[in-house]
Amino acid sequence: MKLKTLAVALFTAGALAAPAAHAVTEIQWWHSMGGALGEALNGLATKFNESQKDYKVVPVYKGQYPESMTAAIAAFRAGNAPHMLQVFEVGTATMMAAKGAIVPVAKLMADAKEPFDPKAYLPTVAGYYSDIKGNMLSLPFNSSTALFYIDRNKFKAAGLPPVPPKTWKELIAVAEKLKAAGQDCVYTSGWPSWVHIENFSAWHNVPIGTRQNGMGGVDTEFKINSPLHVRHVAMLGDMVKKGLFTYAGRTNQADSKFQSGECAMATISAGALAGTIKAGKTDWELSFLPYHDDVKGAPQNSIIGGASLWVMGGKKPDEYKGVAKFMAFLSQPDIQMGWHTTTGYVPITLAAYELTRKSGFYDKNPGRDTAVKQLTLNTPTENSKGLRFGNYVQGREVIEEEMEAVFAGKKDAQTALNDAVKRGNEILRKFQAANK
């Protein structure tokens, strides 16, 4: 009995004398990046985890953007949402309206007393994710824009100078020559609504919708059946008929068609560059998006795509401190420069862009600053700041469905875009009614 008492006493004493185990707070990060981009994202988490001992960011791939967003909303309702969620740009209005489900990034950083200056971020990027008072609601992460890629080898094989055409007239003329030379897939495009409606509208300084493209309020309506929009979509439909445009799908399916060397020209995301370099199948060159040269004021500036990081509600104060530290880490110029130069996404801060410029990276890699130059080509107007339409995940699907009807020869462009406006406005009214 005495021995047992002594053993307990010794164990207790030893336990008291031993240093307390260090508890690491885990931060769950749901994202939608696979392949080369997923590897780069995991590298960021690893670098942060190795930089300190209090927090561990755990990236979890949850499928494509719509899938991960749906999964996070369901998880929030069940009480087990992640700390951070990567949401594509069209989900911004929906996330903004989810009061209680999210913690604004500006508030998060202030509460955690982490350094944070909204003016440090690229205006065209920060503005997209800020409320009307300028408070940033989510942290820009993989910000991109649509760019024009060409494969110089394809041009040379067709006897053409390996120079990207600047206008749609020039692109069609080049496309016809590539086709005549035996090139099967001449031109393709990813994300049809993002490239040919959203960026197209900003690039030509015409509205996508009323109320500053929805940024002025939820009582907005679509304006994508203007004569210019109809003319452009009709042109694309005609290109499909002539074999000059290969429609690839609604998301990033066109990336692989260009990266594999199948297509000679593509309008795809700046973020497709990492996969293009990794594939090593093309002699690629980046350029500004083509424009219609008879439109006054074009080209204006393009708008961003990609995604931002939203902070979910209902977490513990210490966990939020970890999230804030990670967001401060992501915003550091050297971290942003590494992400930008590795992936092709734009640097989200002015300091990161300047650091990259001074490093000589752009001199050694001509064209790699194309995305930043295109986004900042002119001071953004009401038509080129971005967009904020409620339930736009569904709204974009409607637009894409109607564009597909044109590409398939089932509808003319005027009818399809009229239908897109009508159906899209019905979605906007439902969102407005739910968010009075």
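Trainee: Which domains does the lining of the largest cavity draw at least three residues from?
Mentor: Please note that this is a predicted model. The lining takes at least three residues from each of domain 1 (25–144 + 304–376) and domain 2 (147–302 + 390–434).

Trainee: What volume does that cavity have?
Mentor: The largest cavity has a volume of about 60 Å³. Its lining includes L147, A270, H340 and R368. By type, the lining residues divide into 8 nonpolar, 2 polar and 1 charged.

Trainee: How many cavities of 30 Å³ or more are there?
Mentor: A search of the whole structure finds 3. The second largest cavity holds about 60 Å³ of space.

Trainee: Now a change of topic: where does T267 sit in the strands?
Mentor: T267 is in β9, where S189 stands opposite. Strand β7 (residues 185–189) pairs with strand β9 (residues 263–269) in the parallel sense, over 4 bridges.

Trainee: What is the order of the strands in the open sheet?
Mentor: The 5 strands run in the order β8-β7-β9-β6-β10, with mixed pairing.

Trainee: Why is one side of β8 and of β10 left without a neighbour in the sheet?
Mentor: β8 (246–247) and β10 (284–287) stand at the edges and each has a single partner strand, so one side of each has no neighbour there.

Notes
Residues are numbered from 1 along each chain as its sequence is written. This is a predicted model: local features need pLDDT of at least 70, side-chain atom pairs count only at pLDDT 80 or more; totals for chains, interfaces and linings use all residues. Side-chain values use heavy atoms; hydrogens and water are left out. Two strands pair if DSSP finds at least two bridges between them. Helices (H or I, at least four residues) and strands (E, at least two) are DSSP runs, numbered from the N terminus. On a 1 Å grid over the protein atoms alone, a cavity is a set of points where a 1.4 Å probe fits but cannot get out, and a pocket is an open set with protein on both sides within 12 Å along at least five of seven lines; lining residues have an atom within 4 Å of a point. Grid points are joined across faces, edges and corners, and a volume is the space filled by probe spheres set on the points. Ala, Val, Leu, Ile, Met, Phe, Trp, Tyr, Cys and Pro count as nonpolar, Asp, Glu, Lys and Arg as charged, and the others, Gly among them, as polar. Domain bounds come from an automatic or database domain assignment.
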